[in-house]
Amino acid sequence: MGKAALNTETSLVEIEVTKKAYDYRTPWITRNQQVRKNGILIGDRQILTTADGLSGQYLCRVKKGGVSRQYVAELIWIDYYANVAILDVPEEKFWEGMHPVDLAETVPQSGELQIYRWRGGRIEERAAEIVRLFSGQSKSSYVQHLVLSVASTIQAAGRAEVVFDGDELIGLTASAGKDTLTILPAQFIAKVVENYSRSGNAGLGYFDFKYISAKNPALLASKGLDQRDVGVVVTEVGGKGLSKEGLQVGDIILEIDGFEIDSEGKYVDPDYGRLSFGSLATRVHAAGDKIVFKVWRDGHAHEVNYKLPGADFEKDLTPERRYDAPPQYLIAGGLIFQPLNGPLLDSFGQDPPVLLEYYSQQERDDHREGLVVLGGVLPDDFNLGYEGMRYLLVDEINGRKINNLDDIVTAMDDPEGDFHRLRFMPDERVLHMVLDAKEMQAATNRIVQNYRIPSVSQL
């Protein structure tokens, strides 16, 4: 692929983000953090970058042309599920001499590309060789979409460096491994930007079901389907709490949106060949769209309308991510209660408590909508003997099932006589805890003051 002339100095910018960072092990502590990344002009007053690193931002500044002057930028919109954000700069002087670039309509599947970024006041350029194009998962969510993998010698990348084929933007770097980068493709970015240009944008959709391969001919025959190497078998519907409509466990999915699905869950894309069908949820559709599925059910082929649910972390039993919000916590008598979620698990690194990790993989159901953890105990005479208890999953307080922190507040308004009785999950090493209900409030106030904690709760 020949490289056309490209003046990146008039379109590429440096972005400096000042943001709030949180420690989920001590959730009342907030500190400042700075993140540096790249952005590219793609339209009138539109600076494109990835959403990665923008959560909690309260000051965003950009530099152009490699000079030191910074301009304050405003976040116009952000989609964490898609990992895409658009910035604007109110000051008119910033836009002088700046020109947007074109987004490539298709993604090349072989050949060489060029990567650009500002570094030390100069444009750094590195070559990249295309490795493969595939259906992958967003860096910032569980949403499936097209992903481009490239090989390059560029160092410390993955910060929205821009990737070009000639003078067309192919995408932004989303993450980096050893000599390999994953690229958020321009075709996907363009679809997200188009969605946000419409009023009432519903966001990205997700296929909320699981499946297994239908390679085994006996499996198909057992369902009365006299074919081979076709379809996948649905094993779970609505595991993320998004949608239980349309499909049933045991259905064999034969087609999605007019595309035949093979026994490995692949379809033939008209532009990119054989891909996993997960990206069909974001290929041309948005949340709320109805997609026609052809399924084999009860010995016959049926067409069902699957209303594509919107991706939403909060509907999962254990929310995977939490953006633009501080950690939630509640302190009662020195006991620190926290919702179990992805950021809390991530705070343990590679070695989270076994039971927390086990329960985090369970499904949300009618009996349990969320999980709450006793994160630790701030020592005081009131909680004497319980100081060593930490990271225990709460089942009930005063006979009330606990799904969230509000449930704890309600439960402690109704003690069992003179006591608060806590019950933990049956698998925990400690099953019960009893505290003096009459002394609880005074103890809480004293402990919060002694430990200089700014607030008793953050709900």
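Reply: Happy to. Let's start at the hairpin of strand 20 and strand 21, where two residues lie between the strands and Asp 298 takes a positive phi near 55°. Before going on: this is a predicted model, with local features needing pLDDT of at least 70 and side-chain atom pairs counted only at pLDDT 80 or more, while totals for chains, interfaces and linings use all residues. Residues are numbered from 1 along each chain as its sequence is written, and side-chain values use heavy atoms, leaving out hydrogens and water.

Strands here are DSSP runs of E, at least two residues long, and helices are runs of H or I with at least four, numbered from the N terminus; two strands pair if DSSP finds at least two bridges between them. Strands of a sheet pair through backbone hydrogen bonds, either parallel or antiparallel.

Why point out that phi value? Because most residues other than glycine have a negative phi. With that in mind, let's look at other turns and loops.

Strand 5 and strand 6 form a hairpin with four residues between them, and Asn 83 in its turn has a positive phi of about 65°. The two strands pair in the antiparallel sense over five bridges, with Trp 77 standing opposite Ile 86 in strand 6. Strand 6 also pairs antiparallel with strand 3, over three bridges, and there Ile 47 faces Leu 87. How well covered is strand 6? Five of its five residues are buried: Val 84, Ile 86 and Asp 88 on one side, Ala 85 and Leu 87 on the other. "Buried" means under 20% relative accessible area, "exposed" over 50%, and "partly exposed" in between, using a 1.4 Å probe and protein chains only.

These strands belong to a barrel: six strands close in the order 1-2-3-6-5-4, with antiparallel pairing. The twist from one strand to the next averages 40°. Helix 1 (residues 186-197) lies across strands 2, 3, 5 and 6, running at about 90° to strand 5. Such angles run from 0 to 180 degrees between N-to-C directions of axes fitted to C-alpha atoms, for helices over the stretch in contact, where contact means heavy atoms within 4.5 Å.

Another positive phi, near 55°, is found at Asp 229, in the loop between helix 2 (217-222) and strand 15. Asp 229 counts as partly exposed because its relative accessibility is 45%. Val 232, in strand 15, is buried at 0%. The contacts of Val 232, leaving aside neighbours within four places in sequence, include Tyr 211, Ile 253, Glu 264 and Phe 277.

Glu 264 leads us to charge pairs: its side chain meets that of Lys 215 in a salt bridge (2.9 Å, N to O). The two sit 49 residues apart and link distant parts of the chain. Lys 215 is partly exposed at 43%, and Glu 264 is partly exposed at 34%. A salt bridge is a side-chain nitrogen of Lys or Arg within 4 Å of a carboxyl oxygen of Asp or Glu, and the structure holds 26 of them.

Finally, Tyr 391 has a positive phi of about 55° although it is not a glycine. Tyr 391 counts as buried because its relative accessibility is 13%. Among the contacts of Glu 428, leaving aside neighbours within four places in sequence, are Leu 355 and Tyr 391. Glu 428 is buried yet has no salt bridge, and the nearest side chain of opposite charge, Arg 429, is 4.8 Å away; here Lys and Arg count as positive and Asp and Glu as negative, with His and the chain ends not counted. What lies 2.8 Å from a polar atom of the Glu 428 side chain? The backbone nitrogen of Leu 393 does.

Definitions and conventions:
A polar contact is a pair of N or O atoms within 3.5 Å; within protein, one must be able to donate a hydrogen and the other to accept it, and residues adjacent in sequence count only if both atoms are side-chain atoms.
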